[in-house]
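Dear colleague,

I am handing over the structure below, together with an account of what was found in it. Please read the notes with the model open beside them.

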Amino acid sequence: QFRKVDDAVEYRKAALHLMGAHFGRIGAVVKGDKPYDKAAVEADVAVIEMMSKLPWPAFIPNSAGGHSKAKPEIWSQQAEFKTATEKMEGEVAKLSAAAKSGDLAAIKVSFGSTGQSCKSCHDNFRNR
Ligand code: ASC
C-alpha cells in the first residue's frame with residue numbers, strides 16, 4: 001500500500017490535517033465566530049467522518065521518527081491505541097448525529113467531547 005515509510009507518514013498526516021481543518025471550522029461556529037449554518041456543519045462533519053477512518057492503516061511498523069510525531073507507544077500499546085481511535089470515531093458519529101439534528105446546543109456538547117478524544121490520544125500517542 002505504501003512504497004516508502006515517508007508515504008505512510010505523509011498520508012496519515014494529510015488525513016489528520018484535514019480532520020483538524022474541518023473540526024476547526026465547526027469550532028468557529030461553536031465559539032460564535034461564525035454563524036451557524038446547518039448544511040455547512042454537516043458537510044464539515046462528513047469530511048471528518050470519512051478522514052477519521054484513514055490514518056490508522058498508515059501507522060505501519062517502524063514509521064515513527066523522521067517527519068512523524070508518532071510515539072513508539074502506538075506500536076507497544078496497540079490495543080490502547082486502537083481503543084483511542086475507536087473512541088474518537090464514536091464521538092464523531094455522535095457529532096454527526098447532532099449536526100443532522102440541527103441542534104446547536106447538542107453540536108456544542110459533542111464538539112467538546114470529540115475534541116477531548118483528539119486531545120487524549122495526542123497526549124498519549126503523539127510527541128510534542
Ligand atoms: C483541533 C485539532 C486537534 C483538536 C484538539 C482538541 O482542532 O487540530 O488536535 O482540535 O486540539 O483539544
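A place to begin is S96, a residue of helix α4, in what is a predicted model. S96 has a relative accessible area of 7%, which is under the 20% limit, and therefore counts as buried. Leaving aside residues up to four places away in sequence, the residues that S96 touches are V45 and E49.

Helix α1 comes next. This helix covers residues 5–31, which makes 27 residues, and from its first C-alpha to its last it reaches 38 Å, close to the 39 Å expected at 1.5 Å a residue.

The aromatic residues deserve a longer look. A pair of aromatic rings is described by the distance of the centres and the angle of the planes. Searching the whole structure gives seven aromatic pairs. In one of them, the rings of W56 and F59 have centres 6.0 Å apart and planes at 20°, and because planes under 30 degrees apart count as stacked, this pair is stacked. F59 is itself buried, with a relative accessible area of 14%, and F59 also forms an aromatic pair with W75, which is tilted, with 6.3 Å from centre to centre and 50° between the planes. Since F59 lies in the loop between α2 (38–51) and α3 (73–76), while W75 belongs to helix α3, the pair ties together parts that are 16 residues apart in sequence. W75, for its part, is partly exposed, at a relative accessible area of 21%. Taken together, ring pairs link W56, F59, W75, F81 and F125 into a cluster.

Not counting residues up to four places away in sequence, F125 touches K69, A70, K71, E73, I74, Q77, E80, F81 and A84. How far apart are F125 and K69 in sequence and in space? They are separated by 56 residues in sequence, and their C-alpha atoms are 8.5 Å apart.

The loop between α2 and α3 also holds N62, which has a positive phi of about 60° although it is not a glycine. Is N62 buried or exposed? Its relative accessibility is 72%, and because the limit for exposed is over 50%, N62 counts as exposed.

Finally, there is the ligand, around which lie G20, F23, G115, C118, K119 and H122.

Terms used:
Residues numbered from 1 in each chain as written. Predicted model: local features only at pLDDT ≥ 70, side-chain atom pairs only at ≥ 80, totals over all residues. Heavy atoms only, no water. Phe/Tyr/Trp six-rings, centres within 6.5 Å; stacked < 30°, edge-to-face > 60°. Buried < 20%, exposed > 50% of the residue type's maximum accessible area, 1.4 Å probe, protein only. Helix = DSSP H or I, 4+ residues; strand = E, 2+ residues; numbered from the N terminus. Expected span 1.5 Å × (residues − 1). Near = heavy atom within 4 Å. Contact = heavy atoms within 4.5 Å.
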